[in-house]
Amino acid sequence: MKRFEPNYIDSSILLDAERRLRKDFYNRPDVLVVAQQLIGKILVTNFDNRLTAARIVETEAYNGAADKASHAYNNRRTARTEIMFGEPGTAYVYLCYGIHHLFNVVSNAKNIPHAVLIRGAEPVYGIDVMLDRCRKLQLDTTITKGPGNVSKALGIYTRHTGFDLFGTAIFIVDDGYHAYDKAVIASARIGVDYAAEDALLPYRYYVKGNPFVSGKIK
């Protein structure tokens, strides 16, 4: 397991309400643009005064009704997927394999079920809390590598599905960091072989060379 030296962000930046992404960031018609521009932003949680944050380094876009890999393909509406048809800037958290809680951001207008899965993130604050949640004694790259690990380290569970991202519990911050285009790679998504030809779509984005990127890299 690879260790690394974390890049810490001051809590005053994370808690600056002016830096939080607003609804117009999420309320855009192209989910690919949202997925790409979430790269480099900071996902923050503040549960029971335990502040944790990680910079997003890997995302996957799900293009709603037209996307065979999406839970909402063909406008499928169930108790689980109804959140995807809600307001942009809403958390969609679902259980995978009965153990992993996967955090997604709902985008586009209401009743258009676009979503972006956060697959990988680099810890920048509250690492001691993350270690406690993950029952780890020392920091390594597995702590937030992969979507299930991201949620576990940040304390996100299915009970948080439906939370809006504009309050003080879960939100995403722009601290001015820019992931330059040449450093962001597009590839096919992971684990969606059931989606036939849509499994090959280049809807996954990640920061080249970042140790917190999961799955295959170029």
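**View 1. Arg-119 and its polar partner.** The side chains of Arg-119 and Ser-214 are joined by a polar contact of 3.0 Å, a term that covers a pair of N or O atoms within 3.5 Å, where within protein one must be able to donate a hydrogen and the other to accept it, and where residues adjacent in sequence count only if both atoms are side-chain atoms. The model is a predicted one, in which local features need pLDDT of at least 70 and side-chain atom pairs count only at pLDDT 80 or more, while totals for chains, interfaces and linings use all residues. Residues are numbered from 1 along each chain as its sequence is written, and side-chain values use heavy atoms, with hydrogens and water left out. Arg-119 belongs to strand β5, helices (H or I, at least four residues) and strands (E, at least two) being DSSP runs numbered from the N terminus. With a relative accessible area of 10%, Arg-119 is buried; buried means under 20%, exposed over 50% and partly exposed in between, for a 1.4 Å probe and protein chains only. Not counting residues up to four places away in sequence, Arg-119 touches several residues, among them Glu-58, Glu-60, Lys-145 and Ile-190, where contact means heavy atoms within 4.5 Å.

**View 2. The largest pocket and its lining.** The largest pocket holds about 420 Å³ of space, and its lining consists of 25 residues, of which Tyr-94, Cys-96, Leu-102, Leu-117 and Arg-119 lie nearest the centre. Two or more lining residues come from each of β2 (50-63), β3 (91-96), β4, β5 (114-125) and α5 (147-154). On a 1 Å grid over the protein atoms alone, a pocket is an open set of points where a 1.4 Å probe fits, with protein on both sides within 12 Å along at least five of seven lines, and lining residues have an atom within 4 Å of a point. Grid points are joined across faces, edges and corners, and the volume is the space filled by probe spheres set on the points.

**View 3. His-101 in strand β4.** His-101 lies in β4, which spans residues 100-107, and counts as buried because its relative accessibility is 18%. Its side chain reaches the backbone nitrogen of Thr-158 at 3.0 Å. Leaving aside neighbours within four places in sequence, the contacts of His-101 include Val-93, Tyr-94, Pro-147 and Tyr-157. His-101 and Gly-155, which are 54 residues apart in sequence, have C-alpha atoms 9.6 Å apart in space.

**View 4. Helix α4 and its packing.** Six of the eight residues of α4 (residues 127-134) are buried, and the helix is thus described as mostly covered. The buried residues are Ile-127, Val-129, Met-130, Leu-131, Arg-133 and Cys-134, and they pack against β1 (42-47), β2, β5 and α5. Arg-135, which follows α4, has a positive phi, near 55°.

**View 5. Positive phi in two loops.** Most residues other than glycine have a negative phi, and most peptide bonds are trans. Asn-108, in the loop between β4 and β5, has a positive phi near 70° and is buried, with a relative accessible area of 7%. Ala-196, in the loop between β7 (184-187) and β8 (204-207), has a positive phi near 55° and is partly exposed, with a relative accessible area of 43%.
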